[in-house]
Every structure is written in structure tokens, then in C-alpha cells.
Amino acid sequence: MFREELHEDGVLEIVIDRPPVNAFSIGLLHDLAARLGRVAGETEVRAVVVRADGRGFCGGGDVKEVEALPGFEGILGQSSGSMTLSLAVLQCAVPVIAGIHNYCVGVGALVAGSADIIVASRGTRFVMAEIDNGATAGAVQALKLMPEKRVRAAMMTADPVLAEELHALGTIYRLVETPEAVAAEARAVAARVASKSPQAMRRLKTSLGNTTKAHEMMAQYRAEMSYTYELNILGEASAGRTAFIEGKRGSYAD
């Protein structure tokens with residue numbers, strides 16, 4: 001579901017490839033988190049690029065998997081995986097550069113919000129789709145992408161926020177013209193980061209995490225998820241996911 005390559009300059013490139021829309025399964029969430037966690041013991045890694053092949057960066061969580069699993073196993077797995085991956089990106093020992101193209105939905109936006117630097121192509125749609133799936137979490141990561149009132153509007157409407165707007169806000173560091181240009185630009189930015197002193201950069205990453213209170217994410221995300229769990233117990237969340245699976249509402253990846 002993803003491949004990796006460690007380049008000579010110390011950039012570890014992780015490429016997600018889960019057709020048709022790169023929906024993140026529970027397994028993929030935890031596997032990506034585990035891979036990022038191992039970077040702490042790999043002194044040869046100086047920066048990480050996380051990007052994707054295919055139609056877009058991430059089509060959200062795999063709602064079909066969530067609905068197929070018995071009881072509440074699916075939502076518990078998806079939510080814990082989303083939190084684990086967000087923390088792994090945020091707390092990775094080296095800077096993480098996210099390369100985003102075409103669409104970045106749900107958990108994809110959480111990953112982008114947790115990354116250190118974002119490169120994206122024009123027209124890329126960032127969608128906080130939780131309201132349509134009976135979910136409430138993600139604000140803690142989204143607040144790293146845009147101001148509070150914009151987060152409220154994005155989460156309450158599930159309307160896309162375009163990369164151009166995030167670039168104007170300063171959230172997106174490099175805005176490229178085409179989806180095909182994302183990989184090269186993300187690599188170039190990562191190479192620039194990797195050229196710095198590795199000991200200094202690892203300490204800077206930790207310092208920035210302390211200053212921005214990265215350690216508080218787990219508690220905040222868990223609090224947000226409590227309302228998602230209520231919606232699942234009530235059956236509201238399943239109804240939203242089923243509507244998507246049955247084609248009663250469109251895909252954010254289209």
C-alpha cells in the first residue's frame with residue numbers, strides 16, 4: 001500500500017499507492033505510523049517526504065472497511081489509526097514534507113495538518129468531510145492549516161478549501177502548477193532541509209513541537225472523538241457512511 005526509497009541525500013520518500021482513490025485503511029494508517037516512528041533510530045534519514053501516486057493524495061478513511069467490520073471495531077480502528085498517524089507525523093524525529101495533489105480528504109487533511117511543510121498543486125481540494133460521515137474530530141489538526149473561523153466553515157459545510165487559499169494563508173509552502181510537479185518539488189524542498197546539520201535539525205523539530213504544544217494533540221483529539229463515538233452508538237454515523245457506499249452522495253475524489 002506504500003513503497004519507500006531512501007535517497008543518497010538522506011531524504012526518505014514514502015509513496016502511498018492504494019487505488020482507486022487512496023482511501024486509508026486501518027492497516028495503512030498504522031503501518032505508515034510505524035514506519036515514521038522507526039526514523040528516530042535511523043540517523044541516515046534527514047527528512048521525509050510523504051506523497052501519493054494515482055488520482056489524488058487521499059480519498060479519506062476507508063468507509064467500506066469501517067462498515068464491513070463487526071460492531072464498533074471499524075470506527076475504533078479508523079479513529080485510533082488516524083490519531084496514531086497524526087502523532088507519528090507530528091512527532092517524527094525529522095521534518096516531514098507532505099506532497100499533496102488533486103484532493104486531500106478527511107484523514108489526508110489530518111496528515112497534512114500534522115506535517116512540517118506542505119507542497120501542493122493548484123486546484124487541490126482539502127476537504128474536512130467528517131460531518132457527512134457522522135464524525136466530529138479533526139479540528140485540532142485542521143487548526144494547523146487555517147484559522148479558527150475557516151475551520152468552522154470547512155467542517156460545518158464539508159466544502160473544499162482550495163490549495164490557493166491555503167497558500168495565501170502561508171500554510172502551503174510551495175504551490176506548483178500541475179499534480180505531476182508535486183513529487184519533484186517536494187523532493188527539492190526535502191533536499192534543502194536535508195542539507196542542514198542533522199543534529200541541529202532533529203533538535204529544531206523537537207523544539208518546534210514543544211513550542212507549538214504538539215504533546216497536547218492526543219488529549220484534544222481523544223476529546224473530539226468522544227462525540228464521534230456517540231454518533232456511532234446512535235447509528236447516525238453508520239447512516240452517513242452507508243449513504244456514501246450506496247452512491248446516495250458523491251465522492252470528494254471526483
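Q: At 23% relative accessibility, what does Glu 185 count as, and how is such a value read?
A: This is a predicted model, and the reading rests on two cut-offs, because a residue is called buried under 20% relative accessible area and exposed over 50%, with partly exposed in between. Glu 185 therefore counts as partly exposed at 23% relative accessibility.

Q: With which residue does Glu 185 form a salt bridge?
A: The general idea is that side chains of opposite charge can pair when their charged atoms come close. Here the partner of Glu 185 is Arg 174, and the closest N and O atoms are 3.4 Å apart. The pair links distant parts of the chain, since Glu 185 lies in helix H8 (residues 182-194) and Arg 174 in strand S9, 11 residues apart. Arg 174 is itself partly exposed, with a relative accessible area of 34%.

Q: Which parts does the pair of Glu 165 and Arg 150 tie together?
A: These two side chains form a salt bridge whose closest N and O atoms are 2.6 Å apart. Because Glu 165 belongs to helix H7 (residues 163-169) and Arg 150 to helix H6 (residues 148-157), the pair ties together parts that are 15 residues apart in sequence. Glu 165 is partly exposed at 28% relative accessible area, and Arg 150 is partly exposed at 25%.

Q: Which way do the side chains of S2 point?
A: In a regular strand the side chains alternate between the two faces of the sheet. In S2 (residues 11-16), Val 11, Glu 13 and Val 15 point one way, while Leu 12, Ile 14 and Ile 16 point the other way. The strand is mostly covered, with six of its six residues buried.

Q: How many bridges join S2 to S3, and in what sense do these strands run?
A: Six bridges join S2 to strand S3 (residues 47-52), and the two run parallel; Glu 13, for instance, has Val 49 as its bridge partner in S3. Strand S1 (residues 2-6), by contrast, pairs with S2 in the antiparallel sense over five bridges, and Arg 3 has Val 15 as its bridge partner in S2. In the hairpin of S1 and S2, four residues lie between the strands, and Gly 10 takes a positive phi near 90°. S2 and S3 also make a right-handed β-α-β unit with helix H1 (residues 26-38).

Q: In what order do the six strands of the open sheet stand?
A: The order is S1-S2-S3-S4-S6-S9, with mixed pairing. S1 and strand S9 (174-176) are the edge strands, each pairing on one side only, and the twist averages 15° from one strand to the next. Within this sheet, strand S4 (residues 96-100) and strand S6 (residues 117-121) run parallel and are joined by four bridges.

Notes. Residues numbered from 1 in each chain as written. Predicted model: local features only at pLDDT ≥ 70, side-chain atom pairs only at ≥ 80, totals over all residues. Heavy atoms only, no water. Buried < 20%, exposed > 50% of the residue type's maximum accessible area, 1.4 Å probe, protein only. Pairing = 2+ DSSP bridges. Right-handed = clockwise from strand over helix to strand, strands pointing away. Axes fitted to C-alpha atoms, helices over the stretch in contact; angles between N-to-C directions. Salt bridge = Lys/Arg side-chain N within 4 Å of Asp/Glu carboxyl O.
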